[in-house]
Amino acid sequence: MIEIKNAGKTYRQGTSEIHALRNVSLGIDRGEFLSIMGPSGSGKSTLLNLIGGLDQPTSGEIFIDGRALHGISDDELTLIRRRRIGFIFQFFNLLPILTAAENVALPLLLDGTPFSRLKSKAVTLLEQVGLGARTEHRPEQLSGGEMQRVAIARALITDPAVLLADEPTGNLDSHTSEDIFILLANLNKKGQTIVMVTHDPKAAAYGTRIITLKDGVLSGDSSHAMEGR
Ligand SMILES: Nc1ncnc2c1ncn2[C@@H]1O[C@H](COP(=O)(O)OP(=O)(O)OP(=O)(O)O)[C@@H](O)[C@H]1O
Ligand SMILES: [Mg+2]
């Protein structure tokens, strides 16, 4: 469903170049829960941002559902990003003035759909993540784990082809983190494709497949033994 072909990403800083990713090729199937591991600076976030169309590779190609993310207009890319991809981040990125239900509805509110038409779906998603009793709370009235659940529900409102998560529990204690991983694993069991960046081996083990990056190169893939492992 996601095809990454020889993707590279080079950042230029003055006269020096940083090769954040080198020649990464990877296919991700529908229904997978892929964990991306690797040390700090190994290119994990860079790879996730390329998959999500938040950033463009300097070489290579990326396809989602057979559609290339390169050579398309910014408007088309924005639409794919908004409709086909769900993002969750370490710092939740909820809007403080909106209720939980409004935050969940936000991606579709931005398209101009009125909240009255989105509310029941937003509430259903909040119930799915265990927050049926918190739909009218604002972020400041929620715990960190609850805020991340709201962010997960928000990422799901467009029925995305893939849910992308970058260190989704980096800001949470270990017990709350485990609850979030269990929630993600349950979503995956219901069919949701997930790609998660983590540096924690225990977190990565919730995935159905683990890949490892080292200095921007794919150095391990649990779905087929690679040399040097
Ligand atoms: N916008 C940028 N400009 C220049 N260099 C960058 C930029 N973004 C990332 N890099 C560099 O690219 C490399 C890979 O960064 P990336 O954020 O993908 O690492 P990471 O594996 O996610 O690390 P962490 O675990 O610390 O989040 C790093 O050396 C980083 O300094
Ligand atoms: Mg990162």
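**Exercise 1. Is Asp159 buried, exposed or partly exposed, and why?**

Solution. The criterion comes first: a residue is buried if 20 or more other C-beta atoms lie within 10 Å of its own, exposed if 12 or fewer, and partly exposed in between, with C-beta atoms placed from the backbone. Asp159 has 10 C-beta neighbours inside 10 Å and therefore counts as exposed. Asp159 is located in the loop between helix 5 and strand 7 (162–166). Helices (H or I, at least four residues) and strands (E, at least two) are DSSP runs, numbered from the N terminus. The phi of Asp159 is positive, about 50°, although Asp159 is not a glycine. Most residues other than glycine have a negative phi.

The model is predicted: local features need pLDDT of at least 70, side-chain atom pairs count only at pLDDT 80 or more, and totals for chains, interfaces and linings use all residues. Residues are numbered from 1 along each chain as its sequence is written, while chains are lettered from A and ligands numbered from 1 in the order in which they are written.

**Exercise 2. Describe the overall dimensions of the protein chain.**

Solution. The protein chain contains 7 helices and 10 strands. Its radius of gyration is taken over C-alpha atoms, and the globule rule is 2.2 Å times the number of residues to the power 0.38. For 229 residues, a compact globule would have a radius of gyration near 17 Å; the protein chain has 18 Å, which agrees. The C-alpha trace spans about 50 × 40 × 35 Å along its principal axes. Of the 229 residues, 40% count as buried.

Contacts come next. Two residues are in contact if their C-beta atoms, placed from the backbone, lie within 7 Å. Among contacts with a separation of 6 or more, 68% are accounted for by residues 24 or more positions apart.

**Exercise 3. Which residues of helix 6 are buried, and how are they arranged?**

Solution. Length is checked first. The expected span of a helix is 1.5 Å times one less than its number of residues. Helix 6 (residues 174–189) has 16 residues and reaches 22 Å from its first C-alpha to its last, close to the 22 Å expected.

The buried residues of helix 6 are Ser177, Ile180, Phe181, Leu184 and Asn188. Seen down the axis, these buried residues fall within an arc of 100°, so they line one face of the helix; the arc is that of the directions from the helix axis to the C-beta atoms. On the other side, His175, Ile182, Asn186 and Lys189 are exposed. The buried residues pack against strand 3 (33–37), helix 5 (144–156), strand 8 (193–197) and helix 7 (201–204). Just after helix 6, Gly191 takes a positive phi of about 115°.

**Exercise 4. How many residues surround ligand 1, and which are the closest?**

Solution. A residue is near a molecule if its C-beta atom, placed from the backbone, lies within 6 Å of it. Ligand 1 is surrounded by 13 residues, and the closest are Tyr11, Ala20, Ser40, Ser45 and Thr46. Strand 1 (2–13), strand 2 (16–28) and helix 1 (44–51) each supply at least two residues of this shell. The largest share, 3 residues, comes from helix 1.
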